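Let's take a friendly walk through this model together.

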Amino acid sequence: MNIPVRHATAATKLAIVDCDIHPAFRKPSDLYPFLPAQWREHMITFGEHLRQGLSGQLAWPRMSASGLRVDAFPEDGPPGSDLELMRRQHLDANGVEYGMLMQLSKGGMEERNLEFAAALSHAINEWQLETFVKPEPRLRAGIVVPQEDAAFAVKEIEHRATDPSFSQIIISPRSSDPLGHRRYWPIFEAAQRCNRPIALHVQGFSGGHASTASGWPTYYMEEHYAATTGMQNTLTSLVFEGVFERFPKLKIVLVEGGFAWAPALCWRMDKHWERLRIETPHVKRPPSEYVREHVWFTTQPIEEPDHPQHLAEVIEWLGWDRLMFSTDYPHWDFDDPQHTFKFAMTEGQKAKVFRDNAKALYGLP
Amino acid sequence: MKRQVVARAVEVAPGQCKIVNVNGREIGVFNLNGEYFALANRCPHEGGPLCQGNIIPLVQSDGPGHYRLARHQEFLRCPWHGWEFEIRTGQSWCDPKSTRARQFQVKVESGETLVKGPYVAETFPVSVEEDYLVVET
Amino acid sequence: MKVPIKGAIDCDLHPAPPSAEALLPYLDEYWRDQLIDRHIARYSFTLTSYPPNSPLSARPDWRQKSGLPGGDVDMIRSQALDPFGSRFAICNVLHGAVALFNEDMAMALSSAINDWVAKELLDREPRLRASILVPVHNPERAVAEIERVAADRRFVQVLLFAMGDMLLGRRPYWPIYEAAQKRGLVIGIHAGSTYRHAPMASGWSAHRVEDYVAQSAAFESQLLSFLAEGVFQQFPSLRLVLSESGFTWLPSLLWRTSKSWRGMRAEVPWIDRSPAEIIREHVRVTLQPVDSPPGDTTTLLRTLEHIGSDRMLLFSTDYPHWQFDGDAVLPDGLSSETVQRILIDNPLETYPRLRDGGQIGDNAASNKEAVR
């Protein structure tokens with residue numbers, strides 16, 4: 001099958017940082033070399049133990065091929081598994097100077113057996129290094145850790161902290177308690193100490209709660225949206241538990257959760273923080289200030305108002321320095337860097353969103 | 001208007017698409033029950049390779065919980081964001097007012113009026129019986 | 001800014017819920033007996049969502065020395081109706097009966113509350129209108145109660161909570177919407193939770209303020225449910241009002257759902273036009289709380305522009321909840337056209353029963369078709 005390679009012209013080729021790229025296994029056994037024999041056996045015999053009724057598939061089927069771009073399938077293996085294709089079709093074609101890997105599955109974030117989760121976490125971090133980052137210097141890994149086991153998470157973070165191949169820490173926003181809960185604080189402390197942001201990428205599997213406050217949605221259309229409300233919840237918890245007050249150097253990246261909702265949530269948090277201040281004396285400043293200082297948002301899937309200028313206004317409210325471009329390659333709702341923004345941006349705004357905000361946050365050369 | 005031979009008609013079976021290159025532009029040629037249509041291989045939404053998407057029927061409904069297929073193989077789903085386009089007109093289904101894929105005229109011409117173009121005809125014997133697909137761009 | 005004209009329609013007012021003692025005369029003898037014998041009548045059925053002494057639950061100048069805020073019809077007149085020149089106010093009585101698990105008890109109490117509201121509020125103040133309180137445990141029984149109370153046309157809405165057992169768009173609840181549509185009743189989803197689930201997708205938040213902030217996300221989920229399930233296709237004249245939900249989150253929801261619908265249409269093919277259009281047509285939102293930066297008129301006006309409809313906002317005081325100070329119930333900077341729409345036109349257009357021909361409600365007695 002011919003896979004067209006789109007050649008960007010020199011004028012349009014902006015060197016970009018893509019803050020959300022999804023690598024994949026060619027086949028499930030690709031992970032086995034990185035697992036101790038005991039856990040290899042466990043994986044084969046029992047598989048992952050997740051909080052949903054179906055095994056090996058999503059309870060809200062996606063609209064296409066497990067949520068993947070139809071044109072991103074290599075000869076052998078699923079989209080994201082072939083580094084050569086990723087290079088040709090995306091990194092080279094789209095001028096990606098750095099790509100942040102977001103490995104979502106088999107890393108233990110959603111695994112109910114915490115011993116297994118620890119083994120998975122270690123293995124996935126090794127796999128990212130060997131399979132993608134070592135052969136391809138443009139890519140950076142994330143330290144995937146199971147947030148429910150803070151003690152192990154801290155150890156794995158510390159273990160990887162000296163390796164610049166790992167640009168950030170990845171945990172699930174669909175945690176078993178809202179992430180502001182004190183049992184996650186050791187992870188925030190380690191992140192701050194090891195000078196790595198923490199990325200929260202929308203997650204398909206529950207950490208123990210329904211994806212809405214009134215239970216489980218029926219359709220994928222609703223479940224897709226629930227990624228946004230879940231992010232709002234997580235951010236609210238981080239703010240009001242005083243996480244940003246307690247960890248003043250902590251940086252959080254919200255990935256693939258959208259961003260147009262953020263200014264309105266900040267206004268809402270500010271208003272009700274003010275009214276109910278006596279309940280949360282540890283939250284010393286308006287929530288919107290914490291968000292402005294500690295939180296970044298990736299762009300994909302970008303919101304598309306009928307009037308594109310409206311989105312520019314929202315970004316003004318959010319702050320041009322908060323936003324980092326992402327494609328979500330190779331998922332279906334991929335945003336192409338040439339065509340993502342439908343309103344005119346200044347050169348300065350483009351430079352920030354497509355490159356400089358991410359370079360500053362991740363300390364990229 | 002430039003006319004260019006892009007393929008033999010038989011190369012594109014009913015319900016199929018062939019992507020061809022015309023002056024550096026990728027174009028998908030479709031066969032809808034013997035009628036040929038061509039669309040730019042570029043989704044007007046974000047530039048994705050539209051013609052690589054699945055050829056699909058139109059899903060219709062009389063109300064919640066009711067599903068019906070119509071107009072089989074007349075629609076195309078963009079492989080990126082899944083938007084549906086009517087192959088015949090390039091019209092996107094979900095937003096008739098705002099999005100339309102770029103269309104090109106396709107004619108089936110007999111071998112006798114063949115116009116020379118980049119398509120390498122030598123490998124295929126030319127005869128007056130054979131029909132060629134000619135795309136105007 | 002103050003209300004500049006008379007005749008406003010306050011779409012979200014909270015008289016204090018009746019005590020269990022006050023409800024006894026409205027219950028049959030089994031329930032009276034149970035409530036007394038089991039000491040249930042000593043409890044206040046206060047919702048966890050509204051701790052009585054919380055600053056949000058009542059503005060200081062609306063509290064009284066004894067008795068609950070909004071617990072006295074004279075106070076409601078002098079504090080909630082007269083200062084705003086309101087012509088009507090819709091009473092949403094936030095009683096915790098619906099949080100009980102026993103369906104029969106929840107139903108008996110809700111029924112008693114609805115009767116109490118008619119007698120103790122609506123009969124005594126002709127400007128008052130009300131929502132019908134029903135538990136959603138058993139939609140068939142909820143329908144029976146709606147049918148019973150709907151005969152009194154001063155009840156203009158059915159009240160449901162934003163956080164409950166199941167997303168409200170789901171099919172098991174459809175008999176409720178059918179009944180509401182048939183009787184010209186609006187479906188009103190109000191902030192608050194029966195806490196059948198954690199208030200967050202990641203669990204149980206620690207603080208009240210978090211639960212309250214999270215209400216807006218819960219409303220978004222409910223909207224998606226109504227939309228995706230095709231409730232508005234099934235019930236084309238149904239109106240949904242979101243009360244005490246905030247509204248500044250609306251643009252982002254409209255944009256995102258309209259975009260994703262284009263790629264997900266085949267999953268929910270009964271959605272025949274843009275979700276933004278559907279929502280603008282069927283859904284309304286009460287004014288309070290105004291979640292936008294105080295004193296920043298430009299930002300609020302831009303947000304209203306982003307919402308893309310001047311039909312959606314409905315005036316409310318949310319009395320006695322503390323959402324504004326003094327009589328500055330309206331945000332600054334609104335044009336007089338917008339003010340007219342919010343105060344009067346949008347509510348009238350939204351609530352069919354407020355438009356009852358000839359008897360637009362000024363005469364309380366003539367609006368009652370049947371009393372229990």
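Predicted model: local features only at pLDDT ≥ 70, side-chain atom pairs only at ≥ 80, totals over all residues.

Strand 5 of chain B and strand 6 of chain B, the latter covering residues 68-77, pair in the antiparallel sense over 5 bridges. They are part of an open sheet of 3 strands in chain B, with the order 5-6-7 and antiparallel pairing. Its edge strands are strand 5 (55-60) and strand 7 (84-86) of chain B, and each of these pairs on one side only. From one strand to the next, the twist averages 65 degrees. As background, the strands of a sheet pair through backbone hydrogen bonds, and they may do so in a parallel or an antiparallel way.

Chain B also touches chain A. That contact takes 13 residues from chain B and 15 residues from chain A. On the chain B side, the residues divide into 4 nonpolar, 7 polar and 2 charged.

Now let's move over to chain A. Its secondary structure comes to 11 helices and 8 strands. How does its radius of gyration sit against the globule rule? The rule gives 21 Å for 365 residues and chain A has 20 Å, which is close, so chain A is as compact as a globular protein of that length. Its C-alpha trace spans about 60 × 50 × 45 Å along the principal axes. Of the 365 residues of chain A, 58% count as buried. If you look at contacts in chain A with a separation of 6 or more, residues 24 or more positions apart account for 80% of them.

The sheet of chain A has another arrangement to follow. Here 8 strands form an open sheet in the order 1-2-3-4-5-6-7-8, and the pairing is parallel. At the edges stand strand 1 (16-21) and strand 8 (323-324) of chain A; each has a single partner strand, so one side of each is left without a neighbour in the sheet.

One residue of chain A deserves a stop on the way. A:Phe188 lies in helix 5 of chain A, which runs over residues 185-193. Is A:Phe188 buried or exposed? A residue counts as buried if 20 or more other C-beta atoms lie within 10 Å of its own. A:Phe188 has 23 other C-beta atoms within 10 Å, so this residue is buried. Which residues is A:Phe188 in contact with, leaving aside its neighbours within four places in sequence? The answer is A:Val243, A:Phe247 and A:Leu250. The C-alpha atoms of A:Phe188 and A:Lys251 are separated by 9.0 Å, although these two residues are 63 residues apart along the chain.

Next comes chain C, which has 12 helices and 8 strands. A compact globule of 372 residues would have a radius of gyration near 21 Å, and the 20 Å of chain C agrees with that. The C-alpha trace of chain C spans about 60 × 50 × 45 Å along its principal axes. Of its 372 residues, 58% count as buried. Among contacts in chain C between residues at least 6 apart in sequence, 82% join residues at least 24 apart.

Finally, turn to where chains A and C meet. The contact takes 57 residues from chain A and 60 residues from chain C. On the chain A side, the elements that give two or more residues are helix 6 (220-240), helix 8 (262-275) and helix 10 (308-318). Helix 6 of chain A gives the most, with 15 residues. By class, the chain A side divides into 22 nonpolar, 23 polar and 12 charged residues.

Conventions
Residues numbered from 1 in each chain as written. Chains lettered and ligands numbered in written order. Helix = DSSP H or I, 4+ residues; strand = E, 2+ residues; numbered from the N terminus. Rg over C-alpha atoms; globule rule 2.2 N^0.38 Å. Buried ≥ 20, exposed ≤ 12 C-beta atoms within 10 Å, placed from the backbone. Contact = placed C-beta atoms within 7 Å. Nonpolar A, V, L, I, M, F, W, Y, C, P; charged D, E, K, R; others polar. Pairing = 2+ DSSP bridges. Axes fitted to C-alpha atoms, helices over the stretch in contact; angles between N-to-C directions.
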